[in-house]
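This report describes a single protein chain.

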Amino acid sequence: QVQLVESGGGLVQAGGSLSLSCVASDPGRPFGCYSMSWFRQTPGKEREFVAAITWIGGSTQYADSVKGRFAISRSITDNTLYLQMNNVKPEDTAVYYCAANVKPTDRYYSTLASVHDYWGQGTQVTVSS
């Protein structure tokens, strides 16, 4: 069973930066997947796509709301997914989740929470104005 563990959340002022990490493991065998993503969620709202990256090829895609401010990356050797958040805004406040998708998926479906097979526990990001 794939396990995902996020870290790096916290409180940051608007305009500042924050970096999130997500370590992936699959006990008993090497970790592998088609793509990994970051989603975020605020109370009463559905989980929202933030960014995705294909695990081997490194192809990325972003939600319009974070394009130019956030950067997703990964380290295959360390089985770690990253999200660099720059110029953060109060509306970025949410619980951030990393997710793994084991099946090849086109770019549109990669933005859907429902196609992801494994999820982390989430890390809170709070941006103060």
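## Basis and strand pairing

Two strands are taken to pair if DSSP finds at least two bridges between them. Helices (H or I, at least four residues) and strands (E, at least two) are themselves DSSP runs, numbered from the N terminus. The model is predicted, and local features need pLDDT of at least 70, side-chain atom pairs count only at pLDDT 80 or more, and totals for chains, interfaces and linings use all residues. Residues are numbered from 1 along each chain as its sequence is written, and side-chain values use heavy atoms, with hydrogens and water left out.

Strand E4 (residues 35-41) and strand E5 run antiparallel and are joined by six bridges. In this pairing Ser35 is opposite Thr54 of E5. The two strands form a hairpin with six residues between them, and Gly44 in the turn has a positive phi of about 85 degrees.

On to the next pairing: E5 and strand E6 (residues 60-62) are also antiparallel, with three bridges joining them. Here Ile53 faces Thr60 of E6. Five residues separate the strands of this hairpin, where Gly58 adopts a positive phi near 75 degrees. E5 (residues 48-54) is mostly covered, as six of its seven residues are buried. Buried means under 20% relative accessible area, exposed over 50%, and partly exposed in between (1.4 Å probe, protein chains only).

## Cysteines

With a disulfide defined as a pair of cysteine sulfur atoms within 2.5 Å, the count comes to one disulfide. The bond joins Cys22 to Cys98, with an S to S distance of 2.0 Å. The torsion about this S-S bond is about 50 degrees, so the disulfide is right-handed. Cys22 belongs to strand E3 and Cys98 to strand E9 (residues 94-101), so the pair ties together parts that are 76 residues apart in sequence. Both Cys22 and Cys98 are buried.

## Nonpolar core

A nonpolar core is a set of buried Ala, Val, Leu, Ile, Met, Phe, Trp, Tyr and Cys residues joined through side-chain atoms within 4.5 Å. The largest such core has 33 residues, and those with the most contacts inside it are Met36, Trp38, Leu83 and Tyr96. At least two residues of this core come from each of E3, E4, E5, E7, strand E8 (80-85), E9 and strand E11 (123-128).

Contact means heavy atoms within 4.5 Å. Not counting residues up to four places away in sequence, Met36 touches a set of residues that includes Cys22, Ala51, Ala52, Ile53, Leu81 and Ala99.

Ser21 lies in strand E3 (residues 18-25) and is buried, with a relative accessible area of 18%. Beyond the residues up to four places away in sequence, Ser21 touches Val5, Glu6, Ser7, Trp38, Thr80, Leu81 and Tyr82.

Lys67 occupies the loop between E6 and strand E7 (70-75). The C-alpha atoms of Lys67 and Ser21 are separated by 19 Å, and the two residues are 46 residues apart along the chain. The side chain of Lys67 makes a polar contact of 3.1 Å with the side chain of Asp64. A polar contact is a pair of N or O atoms within 3.5 Å; within protein, one must be able to donate a hydrogen and the other to accept it, and residues adjacent in sequence count only if both atoms are side-chain atoms.

## Asparagines

Asn101 lies in strand E9 and, at 0% relative accessibility, counts as buried. Which residues does Asn101 contact, leaving aside its neighbours within four places in sequence? They are Cys33, Tyr34, Ser35, Val115, His116 and Asp117. Asn101 and Cys33 are 68 residues apart in sequence and 6.0 Å apart in space, C-alpha to C-alpha. A polar atom of the Asn101 side chain lies 3.0 Å from the backbone oxygen of Lys103, and the side chains of Asn101 and Thr105 form a polar contact of 2.7 Å.

Asn79, in the loop between E7 and E8, has a positive phi near 50 degrees although it is not glycine. Asn87, in the loop between E8 and E9, likewise is not a glycine and has a positive phi of about 45 degrees. Asn87 is partly exposed, with a relative accessible area of 42%.
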